[in-house]
Amino acid sequence: MTAREAVAEGTGALEAGRPGSPFLDATILLAHAMDISRDALLARLPDALDDAVLGRYRALVARRLAGEPVAYITGCREFWGLPFRSDPRALMPRPETEHLVETALSMLPPPRQGKRLRCHDAFAGSGCVGIALASERPDIEMALSDASGPALELCAENAAALLTPDRPGGFPAMLRGDILSAASAPLDAIVANPPYVSSALTREILGAGSPEPADALDGGPDGLAFYGPLAAQAFSLLNPGGFLAVEIGDEQGPAVAAILEAAGFSDARIVRDLAGLDRVVAGVKRA
Ligand SMILES: C[S@@+](CC[C@H](N)C(=O)[O-])C[C@H]1O[C@@H](n2cnc3c(N)ncnc32)[C@H](O)[C@@H]1O
């Protein structure tokens, strides 16, 4: 069987059993079974596969059909162009979360000789947001925190693999704590992707067999439980002129903007994603 035929076989099986992105999933899984990149696989579609590779690939497709996410099967998920290690210790990085990184980068003041900006990523999980920011801005001093010990372990592994130890802003601190309790003032920027799925929908997602941690999803009865305490704590930790940027569910824009303004933030603005859906809210602590 050629690689092209194997991709067609896997795509067909996944289309029937796990619709979503069956071709993408099949090509990622075959590339993983062949131990090559997806780009390299696409250049080698006419090649014949040996039996060992085909066996490994079919076993991976079977795991996907049983409900395991592709990122957990391969142990890797690309985010902001970086290969993040991904496993059930933390939520898989999502492409829409890149809007949070983009928003924070657009709000950070440019690097200035002799001035070190201090940033904190709360609810860090795999570390994708804070590590992506730290990779773009080697000058910033970054700290990441999460309430989950296993998530922080994964976060530390990703930081060690993806950031150089001698960055000018220092190697990021990994801190365990509730919301922003582990953060230290004064901060110039706070980013956060808190759990924002309602408890009822979280139960449904977990009931359907999702292996992602419940604590990474459940944002209380209306999904908004974390934003109030987060905004209040952030306001007291930030320097005047500093900002808070948070990811939100696509129906939470006006409610979260109101929460930030009630905590004292000015001009809370809603940023939309590529599908035109509300995705990020950001507010500034005016001097
Ligand atoms: C939606 S995930 C976000 C992970 C990562 N920032 C991302 O964007 O993929 C939320 C994270 O919040 C953490 N978490 C849940 N409750 C928390 C709390 N009370 N305080 C701090 N972190 C908490 C979870 O462990 C999880 O890693």
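This report walks through the overall build, the core and some neighbouring strands of a predicted model.

## Overall build

Let's start with the whole chain. Its secondary structure comes to 11 helices and nine strands. Along the principal axes, the C-alpha atoms fill a box of roughly 65 × 45 × 35 Å.

How does the radius of gyration of the protein chain fit a compact globule? For 287 residues such a globule would have a value near 19 Å, and the chain has 20 Å, so the two agree. Of the 287 residues, 41% count as buried. Among contacts between residues at least 6 apart in sequence, 65% join residues at least 24 apart.

## The nonpolar core

Now look inside. The largest nonpolar core has 80 residues, and those touching the most other members are Leu30, Leu133, Ile190, Leu244, Val246 and Leu260. Helix H2 (residues 22–34) gives the largest share of this core, seven residues. At least three core residues come from each of domain 1 (3–67) and domain 2 (80–284).

Beyond its neighbours within four places in sequence, Leu30 is in contact with Ala3, Ala6, Val7, Gly10, Leu41 and Tyr57.

## Around strand E4

Next, find strand E4 (residues 141–146), where five of the six residues are buried. Strand E3 (residues 118–122) runs parallel to E4 and is joined to it by four bridges; one of the pairs is Asp121 with Leu144 of E4. Together with helix H7 (residues 128–136), E3 and E4 make a right-handed β-α-β unit.

E4 also pairs with strand E5 (residues 173–176), in the parallel sense and over four bridges. Here Asp146 has Arg176 of E5 as its bridge partner. The chain gets from E4 to E5 through helix H8 (residues 149–162), in a β-α-β crossover that is right-handed.

Terms used:
Residues are numbered from 1 along each chain as its sequence is written. This is a predicted model: local features need pLDDT of at least 70, side-chain atom pairs count only at pLDDT 80 or more; totals for chains, interfaces and linings use all residues. A nonpolar core is a set of buried Ala, Val, Leu, Ile, Met, Phe, Trp, Tyr and Cys residues joined through C-beta atoms within 7 Å. A residue is buried if 20 or more other C-beta atoms lie within 10 Å of its own, exposed if 12 or fewer, and partly exposed in between; C-beta atoms are placed from the backbone. Helices (H or I, at least four residues) and strands (E, at least two) are DSSP runs, numbered from the N terminus. Domain bounds come from an automatic or database domain assignment. Two residues are in contact if their C-beta atoms, placed from the backbone, lie within 7 Å. The radius of gyration is taken over C-alpha atoms; the globule rule is 2.2 Å times the number of residues to the power 0.38. Two strands pair if DSSP finds at least two bridges between them. A crossover is right-handed if, with the strands pointing away from the viewer, the path from the first strand over the helix to the second runs clockwise.
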